[in-house]
Each structure stands twice: as C-alpha cells, then as structure tokens.
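Take a look at the protein below.

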Amino acid sequence: MKTKELVRPMPATWFLHNRHLLKFMIRELTSFFVLAFAIFLLILLYEANRGCEEFRKFYVGVVQSGWIKAFLWLSLAFVTFHGITSFNAAPTIMAPRWGEDKIDPRIIIAANYGLWLIVSLLVLIFVLSS
C-alpha cells in the first residue's frame with residue numbers, strides 16, 4: 001500500500017504574517033532598486049566619458065527629467081533601507097569570533113556604520129573639492 005504525501009497549502013502572502021519575514025522580503029525587493037541605481041551610475045559614467053557636449057545633452061535630456069528624479073529619490077530611500085537592514089543583520093550573518101568568544105554584535109554594527117560614515121565623508125570631500 002502506497003502512502004500519500006502530505007502537502008500543506010502555502011498561501012502567496014505567507015510572509016505577511018511575520019514582521020521579520022516581511023522586513024526580509026522588503027529588503028530583498030529593494031535589491032532591484034540597488035541594481036537599477038548601479039546600472040544608472042554606470043550609464044552616467046559612460047556618458048561622462050564620451051565628452052563634455054554629449055554629457056550635457058544626456059544631462060539635460062535624461063537626468064533633469066521628472067521621472068528620473070523620482071526614480072533617484074525612490075532609489076535613495078530603498079538603498080538606504082537596504083543598507084541599514086543589511087548592516088543590522090551583519091552580526092547574524094557573519095557571527096565572527098575572537099578566539100573562543102563571540103564578538104559583541106553591537107561592535108560589528110557600529111563598525112559597519114562607522115565605515116559607512118567615513119566613506120560617505122570621503123566621497124563628500126572629494127566631490128566638494130572638485
């Protein structure tokens with residue numbers, strides 16, 4: 001006699017019932033905006049490398065349009081959310097040790113935010129000086 005395998009039905013909204021799973025799914029969805037923003041930056045670098053006049057045409061035609069500004073503000077929000085949730089999840093993902101002891105998760109989170117601040121300040125200094 002062959003037994004029948006039990007398959008529990010899983011609704012499409014399974015992640016909406018748990019706050020942590022919902023946050024995880026939102027972070028995963030923001031990855032698409034991170035990718036789209038990275039592609040936009042690569043296109044911007046390509047256009048800047050083509051020359052001053054071509055970049056000016058691209059800037060006026062594309063970058064100053066309303067839809068790209070909306071996309072950039074939305075991307076800023078999603079990339080910030082993605083970064084913050086990734087930094088906060090870093091101690092769980094890495095779980096580093098110092099000898100036999102686990103490193104305090106607050107140290108890892110603080111190191112992530114500190115490095116983020118340092119890199120942001122260096123980029124700001126570089127941009128303002130040129």
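In which helix is V119 found? V119 sits in α4. This is a predicted model, where local features need pLDDT of at least 70, side-chain atom pairs count only at pLDDT 80 or more, and totals for chains, interfaces and linings use all residues. Residues are numbered from 1 along each chain as its sequence is written, and side-chain values use heavy atoms, without hydrogens and water.

**The largest pocket**
- The largest pocket has a volume of about 250 Å³.
- A pocket is an open set of points on a 1 Å grid where a 1.4 Å probe fits, with protein on both sides within 12 Å along at least five of seven lines.
- Its lining (residues with an atom within 4 Å of a point) includes F37, L72, W116 and S120.
- Helices α3 (66–94) and α4 (105–129) each supply at least two lining residues; helices are DSSP runs of H or I with at least four residues.
- The largest share, eight residues, comes from α3.
- The lining holds six nonpolar, five polar and no charged residues.

**The surface patch**
- L115, V119, V123, F126 and V127 make a nonpolar surface patch of about 490 Å².

**A95**
- A95 lies in the loop between α3 and β1 (97–98); a strand is a DSSP run of E with at least two residues.
- A95 is partly exposed because its relative accessibility is 38%.
- A95 and V34 are 61 residues apart along the chain, and their C-alpha atoms are separated by 25 Å.

Technical notes:
Points joined across faces, edges and corners; volume = space filled by probe spheres on them. Nonpolar A, V, L, I, M, F, W, Y, C, P; charged D, E, K, R; others polar. Patch = residues over 30% accessible without salt bridge, like charges linked within 9 Å, V, L, I, M, F, W, Y side chains within 5 Å. Areas by Shrake-Rupley, 256 points an atom, 1.4 Å probe, with all protein chains shown as cover. Salt bridge = Lys/Arg side-chain N within 4 Å of Asp/Glu carboxyl O. Buried < 20%, exposed > 50% of the residue type's maximum accessible area, 1.4 Å probe, protein only.
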